[in-house]
Amino acid sequence: MTDYILAIDQGTTSTRAIVFDHSGSIVSTGQLEHEQIFPKAGWVEHNPKEIWDNTREVIGQALSKANITRHNIKAVGITNQRETAVVWDKNTGEPVYNAIVWQDTRTQEIVDRFAADGGVDRFKDTVGLPLSTYFAGTKIVWILENVEGARERAEAGDLLFGTTDSWVTWNLTGGVDGGVHITDVTNASRTLFLNLETLEWDDDILAVFNVPKSMLPEVKSSSETYGLVHDSSLLREVPVAGILGDQQAATFGQAAFDKGEAKNTYGTGNFLIFNTGTDIVKSENGLLTTIGYKLGDGETHYALEGSIAVTGSLIQWLRDNLGIISSAPEVEALADTVDDNGGAYFVPAFSGLFAPHWRSDARGALVGLTRYVNKGHIARAAIEAIAFQTREVLDAVNADSGVPLTELKVDGGASANDRLMQFQADILDVPVVRPVVAETTALGAAYAAGLAVGFWSTLDELRSNWQEDKRWTPSMDDAERERLLRNWKKAVTKTLDWVDEDTQ
């Protein structure tokens, strides 16, 4: 009987279950999208119950397509959208409110309140993060302050908080019938509450936020057996043995295990992670200090991260809001109808600007328009915006690390866009490399789980699985690159100072 690892990838737009074999190749996939809920401008929510229902269904899809059963699955790994916050009742399993998504900006007033004493970097030395609407901590505060009865129930010990890894794990291992309430160090490091050195929740910060510690999950490593899948599941009695936040999982799946290695994931947003080894490196250039991974009792590995809020979701916006394409892959063909961007630059600051700017007052702008510009130019400007934002982040990584990257490993859906990848290599002036298995997020979670149960033995074994699929080398002359970057930076300035106190 052939053995496999199953990874659950609970992402921003969909939930997937992927079965991997020992070579790290995909055997089968199940996938379902969930609703994107926008109650107000700047608000983004998901239905946690829909996510859990979809999780169960995609597990069935993946097992059925591979024609296997739970007996073939040695372990389950989980990866997830990291900062999306779920609060639920531990006695009923019912969420008290929709999940508040990482892109949501409703908590700006809470950020301003806490930043009034010490600025946005008030807790950065401890947690590695600035105060921002991005992270889960302010989302918990909003729920406690705005959902009727939530504060009282939380203080009575009845409510639990988790990012979506915790929500899925709790339900998968039994929910109200003994489900384990845990998270791993990578997800914990995105809350604003985790001390990066001790790997424990910081009591002083929790007191400032007025969040009961009883709500928080137990912090575990990224690779160990947390519990067994509940008897009611198709995967009953299979160990849940690996958890990594999506971007750390993608880094792990790229086999970027060592100091100085990096990857860039092209998803709903873009996330560049640079491994700093066992050193906690504090950024001076707008990057986040975060946890890369921790395997069992092994040393903690840290990273610098550049987070970009809107990249792939910009292409979705062209499809769903403007209707100039009917599917995301069409954007490449539309962009190919023109020779350049026609002077148009698209800065997609729909949720403000993340790294390296951290400007919550920014909003999206399409600038440089003339009568000459058509939808092909707009499509091309949207593609180029993804690459320009990545260049800004990579410049910050190079400045912080002092060791310029010589090539960039890429993954995620938009890494299949040849037009984008070539432009990315051109604007970075370094080669861009895509692996054979581009689903590195799910693969990283599978690796973490497989290591915990002995399906794989060493990191070297995982490195040997990595194979190059395609490489793009720079072909743009220096003068053109500098001209494009100059205009991009000018375009960014047009997005700033847009949000006023009375902005809706």
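**Salt bridges in the predicted model**

Glu 384 and Arg 380 are four residues apart in helix H12 (residues 375–401), a separation of about one helical turn; helices (H or I, at least four residues) and strands (E, at least two) are DSSP runs numbered from the N terminus. The side chains of Glu 384 and Arg 380 meet in a salt bridge with an N to O distance of 3.3 Å, a salt bridge being a side-chain nitrogen of Lys or Arg within 4 Å of a carboxyl oxygen of Asp or Glu. Both Glu 384 and Arg 380 are buried (buried, under 20% relative accessible area; exposed, over 50%; partly exposed, in between; 1.4 Å probe, protein chains only). Elsewhere, salt bridges with shared partners join Arg 82, Glu 83, Arg 190, Asp 246 and Glu 305 into one network.

The model is predicted, and local features need pLDDT of at least 70, side-chain atom pairs count only at pLDDT 80 or more, and totals for chains, interfaces and linings use all residues. Residues are numbered from 1 along each chain as its sequence is written, and side-chain values use heavy atoms, with hydrogens and water left out.

Across the whole structure, 35 salt bridges were found. One of them pairs Glu 439 with Arg 16 at 2.7 Å, N to O. This pair links distant parts of the chain, 423 residues apart: Glu 439 lies in the loop between strand S20 (432–435) and helix H14 (440–453), and Arg 16 in strand S2 (residues 14–20). Glu 439 is partly exposed, at 29% relative accessible area, whereas Arg 16 is buried, at 12%.

Within helix H1 (residues 48–66), Asp 53 and Arg 56 are three residues apart, about one turn of the helix. Their salt bridge brings the closest N and O atoms to 2.6 Å apart. Asp 53 is partly exposed, with a relative accessible area of 39%, and Arg 56 is partly exposed at 46%.
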